[in-house]
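I opened my notebook and went through this model one spot at a time. Here is what I looked up, in the order I looked.

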Amino acid sequence: MADRSRLALAAAPVHVSAQRRPAAGELHSALINGTRALHHDGNLVASREWFDRAFEAAEREHDGPGQALAAVGYGGLWVHEHRSVATRALTESRLRRALTLVDDDSPLAARLRARLSAEADYREGAHSRVFAAVEHARRLQDPVALAEALSLAHHCVMGPHQAHLRTRLVEELIETSLRTGRRGDLLVGLLWRTSDLLLVADSHADRSLRELQAMLQDQPHAAVGFIAQAMEVMRVIRSGDLAAAEEHANACAKAGQAVGDVDSIGWFGAHMIAINWYRGNLAELIPTLRELVNSPLLSTVDSSHLAALAVAAASAGDERLARGSLARLEGASWHQLPMTSSWLATMHGVIEAANLLGDTRTAAAAYDQLRPFAHLPIMASMGIACFGSAEHALGVAALTMGRDDQAVAHLEVAVHANHALQHWPAALLSRTRLAEVLWRQGEHTRADELLTLAREEAERLAMALPRSVEHIAQRPVTAVGRAAGMLSCERRGLRWHLRLGDHLAVLDGSKGMSYLASLIANPGFEISAVELAAGPGTAAESVNGSLTAGSSQPVLDEAAKRAYKARLSQLDDDIEEHEANNDLVRAERARAERGWLIEELAAVTGLGGRTRNFADAAERARISVGKAIRRAIAQVTAVDPVIGDHLRSYVRTGMRCCYMPR
C-alpha cells in the first residue's frame with residue numbers, strides 16, 4: 001500500500017484513498033482538521049474528535065492508511081494521554097488493527113509501532129522497545145516518523161537517572177523538527193529541552209522557558225502552552241509569592257482542562273501540595289488527597305500524591321493514615337518503586353512523613369535510595385513543581401536517624417543550593433531545619449542567628465515556621481520580642497482590640513478578624529471552617545463544630561436574618577438623622593456599620609437573597625476562611641509584628657480551625 005505517513009500542515013493536500021468513494025471527502029477533511037488541531041493549534045480535545053471521526057470514516061471505506069493516520073493522531077502528542085481502561089483499550093486496539101492494514105516497512109507502520117512501544121514501556125518503567133522504534137525510524141529517514149518516535153521515547157526516560165538519555169533525544173528532535181514541516185514538533189522539542197534543564201537545575205533553564213513563552217506568545221499552541229504555564233506556576237512558588245502562585249495554579253488548571261490534558265488534575269494537585277506545604281497547611285488537603293490518590297486520571301506511574309497524603313496525615317496527627325500510606329507506597333521494597341518523573345517528589349514526601357512519625361527504618365531506606373541524586377532539585381513531572389534541593393530531604397532523613405553531623409552537612413549545602421535555585425521558601429525551610437539540628441548539638445548561638453533570619457524571611461513570605469523548631473523557644477522568642485501569655489480579643493464599636501502582654505493591636509472589622517475572634521475566644525478547641533463561615537446565627541451545638549460538611553444547615557437562620565435587616569433599617573434612620581443634625585462623625589460610623597452588615601449578608605446569601613446551605617460547601621468554606629484568616633493575620637502583623645508572629649505560630653486553619661497557644 002502507498003505510504004501516507006507524511007501528513008504535514010493542515011493546508012497540504014492529503015490523498016487517503018486511490019479511488020475516492022462518497023465518504024472520502026469526510027475522511028480527507030477530518031484528517032486535515034485533526035492534524036491542524038493537534039500539531040498546529042495544540043487542541044487535544046478537538047484533535048481527538050476529528051481523528052475519531054476520521055477513523056470511523058476510514059473503517060467504513062476499508063481505507064487502511066486512513067485508519068492508520070487516524071489511529072496515530074488519536075493517540076495524541078504525549079504518552080499515556082488516555083487513562084481510563086476503556087479509552088486506553090480502544091486507542092491501542094485501533095493502533096494494532098491499523099498496523100495490519102499498512103505496509104510493514106512503511107514510515108506509517110513505524111509511527112504505529114512507536115506509539116504502541118511507548119505506551120507499553122511507559123507503564124512498565126522501561127524504554128527498550130521505544131528506543132528500538134527510534135532506531136527503526138532513523139533507518140527509514142522519514143522526519144515525521146522520527147520526530148514522533150523521539151518525543152515518545154523522551155517521555156519514557158523521565159527518571160532522575162536518565163538525564164543523559166534525554167539530552168541526546170531532545171537535540172535530535174529539535175533538529176528533526178526543522179524538516180517535518182509541522183510547527184508543533186519544534187515547540188515540543190523546545191518544551192522537552194526546557195523540562196530537561198529544569199530537572200537538572202541548569203542555569204539556562206529560565207532562559208529556555210522564556211524563549212518558549214515568546215514563541216507561544218507569537219503563535220499559541222494550547223497543549224505546549226499549558227505545560228509552559230504549569231512551569232511558570234512552579235517559578236512563582238519558588239519566588240515565595242504563594243498567594244499569586246495559587247491564582248496562577250487555578251488559571252493553569254482551567255487552561256489544562258480546556259485543552260484536554262489529562263494531567264491538569266494531577267498537576268493542580270501538585271501545585272496545591274507545594275503551596276500548602278510552604279504555608280504549613282498541608283493537612284488542609286487531606287480530604288482532597290484521599291480522593292485524588294485513587295483517581296483514574298492520575299498517571300499509573302505517579303505515586304507523589306500518596307506520599308503527600310502521608311505527610312499531610314502525619315502533620316494532622318493521623319498516624320494510622322500516614323503509616324498506611326507509607327506501607328502502600330513501599331510495597332515489597334522501596335527498591336521496587338519505579339524511578340519515574342515523580343520519584344524524587346515521592347521520596348521527599350516519604351522522608352518528611354518518616355520524620356514526623358519518627359520512623360527511622362523508612363528514613364534510612366529512603367536516604368540510601370536518594371543519596372545518588374543529592375545534586376538534583378526535587379522536581380515533579382516535567383518541572384511543574386519544585387520542593388528545593390534533594391540535599392534538604394537527605395538532611396531531614398539524617399536528622400530522623402539521629403545522624404546530626406550528616407544532617408548539618410546536607411542542610412548547609414541545601415541552603416546554598418536553594419539560593420541558587422532562587423527557591424526562597426525552600427531556602428527558609430532548610431535554614432530552619434539547620435537551626436534545629438544545631439540547637440540539638442548545643443550550638444545555641446548559631447542556631448539563634450539562623451532562626452532569627454528565618455523568622456525575618458518568614459515575615460516577608462507570609463510563611464509559618466515548622467512546629468519542629470518551637471522547642472527552640474526561649475532565645476529566638478526573646479529575639480523577636482514575643483510577649484508571654486494568652487492573647488485576648490475584644491470588639492469595641494467597629495474595631496477589634498487584640499492584646500498580648502504589653503502589646504496592643506487595633507484593627508478595623510473584617511471577616512478574617514471575626515473568624516480570629518471566634519478562635520481566640522475558644523483556645524484549644526477546634527471549630528469547623530463551615531461553622532466559622534456561617535457566622536452569627538449558626539445553630540451549632542458546640543464549639544467543637546457539630547455542623548458538618550454534609551449538613552444542609554443554613555448559614556444564617558431566619559431569626560438572624562430578620563435581626564440583621566431590622567438593624568439595617570435602624571441604621572438607615574440613624575444616618576438620615578445624624579446628617580440632618582450635621583453630626584458627620586456619627587453618620588460615618590453608622591454608614592461603616594451598615595456596609596459591614598451588608599457585606600456579611602452578601603457572604604451568606606445566594607442569588608435573589610436565598611440563604612446558602614453548606615451541603616456541598618465544605619471545601620469552599622475551608623478555602624475562603626483560610627484566606628480571610630491569613631489576610632487578617634497579615635494586617636495584624638503590619639500593626640504589631642509581635643502579635644502577628646504569635647498568631648502565625650498558634651492559629652491553624654483547614655477543615656477545622658483552632659487557636660492553640662502553648
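**Entry 1**

I started at Ala 462, which is exposed because its relative accessible area is 54%; exposed means over 50%, buried under 20% and partly exposed in between, with a 1.4 Å probe and protein chains only. Ala 462 sits in the loop between α22 (444-461) and α23 (474-479). Helices here are DSSP runs of H or I with at least four residues, strands are runs of E with at least two, and both are numbered from the N terminus. I found a phi near 55 degrees for Ala 462, a positive value in a residue other than glycine. Most residues other than glycine have a negative phi.

A note to myself on sources: this is a predicted model, where local features need pLDDT of at least 70 and side-chain atom pairs count only at pLDDT 80 or more, while totals for chains, interfaces and linings use all residues. Residues are numbered from 1 along each chain as its sequence is written, and side-chain values use heavy atoms, with hydrogens and water left out.

Next I turned to Ala 201, in the loop between α9 and α10 (205-218).

**Entry 2: helix α9**

How many residues of α9 are buried? I counted 15 of the 17, so α9 is largely enclosed by the rest of the structure. Helix α9 covers residues 183-199 and reaches 25 Å from its first C-alpha to its last, close to the 24 Å expected at 1.5 Å a residue. That expected span is 1.5 Å times one less than the number of residues.

**Entry 3: Leu 38**

Leu 38 belongs to helix α1 (residues 24-41). With a relative accessible area of 2%, Leu 38 is buried. Leaving aside neighbours within four places in sequence, I found Leu 38 in contact (heavy atoms within 4.5 Å) with residues including Leu 44, Phe 51, Leu 77 and His 221. I also checked Tyr 74: it is 36 residues from Leu 38 in sequence and 9.3 Å away in space, C-alpha to C-alpha.

**Entry 4: the cores**

A nonpolar core is a set of buried Ala, Val, Leu, Ile, Met, Phe, Trp, Tyr and Cys residues joined through side-chain atoms within 4.5 Å. The largest one has 160 residues, and Trp 78, Leu 112, Tyr 278 and Phe 387 have the most contacts inside it. Helix α11 (residues 222-239) gives this core its largest share, eleven residues. Beyond four places in sequence, the contacts of Tyr 278 include Ile 237, Phe 387, His 423 and Met 463. A second, separate core of 31 residues includes Ile 520, Val 625, Val 636 and Val 651.

**Entry 5: the sheet**

I then followed an open sheet of three strands, ordered β3-β4-β5 with antiparallel pairing; two strands pair if DSSP finds at least two bridges between them. Because β3 (488-492) and β5 (503-508) stand at the edges with a single partner strand each, one side of each has no neighbour in the sheet. Strand β4 (residues 495-500) pairs with β5 over six bridges, and Leu 498 stands opposite Ala 505 in β5. Helix α28 (residues 618-639) packs on the sheet and touches β4 and β5. Helix α29 (residues 641-650) packs on the sheet too, also touching β4 and β5.

Technical notes. Axes fitted to C-alpha atoms, helices over the stretch in contact; angles between N-to-C directions.
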